[in-house]
Amino acid sequence: MNYNNVGIVGIPPLAIIQELNRHNITIHDLDTPMIKADMELTTPYLPRVYCAILRTVVLNALHLTLDAIYIDVGPGKCDCALHVATVLEDMFAIPILTTINDDITGFGTPISQSRMGLLQKFERITEGVKNTIMPSEPPPACTPTAGFWGVPPRDFSILDLFPDTTHIYGWTRCMENKTPADHELELDYNPDIPTVFYAQSFCAKTALARHLALKHPHGLYLDSDVTAGGSAKAKIQAFLELSGVKL
Amino acid sequence: MILGDFGTSYSKFLDLSSARPKPHIIPSKELGTEHRVTIATGHNGKRFTDWYVNELTVLARGGEQLIAEDAFVLLDCGSRDIKFIHYLNGRLNDMGWNSECGASMGFTIELLQRYYDLDYHELPLPVRPFSVTCGVLGMSRIFDAVVSGTPDSEAVARFVMGIAINAYRFAGSPTKLYLSGGLCDNPLFVKSIPCEVIPLGRFVLLKGLEAIASQAGK
């Protein structure tokens with residue numbers, strides 16, 4: 001592997017991450033905001049009304065010097081990623097390598113169930129996609145008082161509104177477990193705690209988030225685009241407060 | 001202790017330290033540094049207080065004070081947004097806040113009244129509404145209708161009805177709807193909502209702030 005810098009989209013199979021780590025190749029998680037640049041720069045390549053995560057991928061790719069991009073297009077990511085892979089192929093002269101991650105070996109989900117700031121938990125889980133090491137000292141589980149179901153949001157600022165005792169569910173938990181296509185795990189939630197079911201606007205997962213929020217005895221469906229506006233944040237605040245969750 | 005609901009077009013105040021607390025309203029464009037309050041809510045509120053409570057929480061608290069039932073839907077129609085809370089078995093079941101597709105609803109209705117010099121108390125309920133999603137997009141429907149010969153008053157009435165139906169659907173199409181905000185005083189808007197409507201007036205958020213102040217004092 002003659003690469004120095006590689007971008008990943010979604011969670012490529014563990015074997016690929018292991019290979020990249022073995023060659024000391026720097027991995028850039030293109031799903032996360034890495035560049036302070038105007039999202040409008042992506043409009044020549046993707047529609048404005050499109051998943052903000054994938055628009056972020058294109059924005060990052062436009063600004064980083066990459067030798068290749070691994071983009072997962074299996075059931076652990078989404079159909080849109082497949083189409084974005086085609087767009088990336090036409091945008092750049094570097095290899096755009098599509099993968100299908102069907103890993104089934106669970107790494108466990110201790111961070112999702114720990115007492116820690118929710119933002120911090122998400123940072124640790126998203127950072128974890130770049131390595132393949134099982135955490136040596138996983139944090140202990142706490143009794144949950146609230147739940148967050150869904151993908152890592154484009155705008156992490158909404159995570160600050162939750163208490164430290166919020167458990168993570170949905171695709172983020174699959175992400176920590178390194179089994180992004182584990183649909184059973186993705187469907188899991190705790191009916192005994194007030195839970196926000198979150199999806200990125202214009203993502204196919206909005207259907208599942210909304211469906212589960214309706215099934216949950218005390219769920220709130222929420223979606224947001226590039227940045228979470230005041231009304232999205234107010235909804236979370238009011239939902240937690242009116243549900244009696246101690247902050 | 002002064003409470004303030006700082007809306008986009010109007011701000012409402014209640015001085016709890018006065019002998020007989022009575023709400024008063026001023027246009028928000030007249031707000032100045034002298035209008036700082038103890039607890040505030042509303043779009044403009046953060047600039048005028050050290051204790052801000054978000055509007056959905058305050059709406060819910062106001063609903064709890066004013067509505068005796070343990071299952072209800074309360075919809076607040078403001079100048080720039082709409083929001084609702086749905087209680088079931090005495091606790092929050094659902095909520096929504098639409099500042100995008102419900103944008104500038106109340107503001108546009110008031111603007112049209114002035115522009116066409118209309119009195120909403122006198123406008124009859126139209127036969128059918130315009131299909132509109134927000135104040136901004138709905139304006140073009142009015143102008144198109146007027147150009148094609150529809151009287152101003154009828155075009156505006158169809159717009160108002162469309163907006164009212166849109167707000168009703170946003171609140172989950174309940175059979176009974178408690179209404180909050182300045183549009184409670186607009187009979188055309190209230191009659192256009194296709195279910196039983198109970199207007200609670202424009203001081204529901206002040207009532208919610210009162211409950212929050214009282215709770216904090218305990």
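Guide: Across the interface of chain A and chain B, three residue pairs are in polar contact; the model is a predicted one, and both residues of each pair are at pLDDT 80 or more. The side of chain A that touches chain B draws at least two residues from each of two elements, strand S8 (219–224) and helix H8 (230–242) of chain A. H8(A) gives the largest share, namely eight residues. By residue type, that side of chain A consists of six nonpolar, four polar and two charged residues.

The extent of the meeting can be stated in two ways. Counted by residues, 12 of chain A are in contact with 15 of chain B. Counted by area, the two chains bury about 1,100 Å² between them, and 59% of this lies on carbon and sulfur atoms. Within chain A, the most area is lost to chain B by Ser231(A), Lys235(A) and Leu242(A), which together account for 45% of what that side buries.

In general, side chains of opposite charge can pair when their charged atoms come close. One salt bridge joins the side chains of Glu19(A) and Arg22(A), with 3.1 Å from N to O. These two residues are three apart in helix H1 of chain A, and therefore about one helical turn separates them.

Helix H1 (residues 14–22) of chain A also has a place in the path of the chain. Strand S1 (residues 5–9) and strand S2 (residues 26–29) of chain A run parallel and are joined by four bridges. Gly7(A) has His28(A) of S2(A) opposite it. From S1(A) the chain passes through H1(A) to S2(A), forming a right-handed β-α-β crossover.

Terms used
Residues numbered from 1 in each chain as written. Chains lettered and ligands numbered in written order. Predicted model: local features only at pLDDT ≥ 70, side-chain atom pairs only at ≥ 80, totals over all residues. Heavy atoms only, no water. Contact = heavy atoms within 4.5 Å. Buried area = accessible area lost by both parts, 1.4 Å probe. Polar contact = N/O pair within 3.5 Å; in protein donor to acceptor, adjacent residues only side chain to side chain. Nonpolar A, V, L, I, M, F, W, Y, C, P; charged D, E, K, R; others polar. Pairing = 2+ DSSP bridges. Right-handed = clockwise from strand over helix to strand, strands pointing away. Salt bridge = Lys/Arg side-chain N within 4 Å of Asp/Glu carboxyl O.
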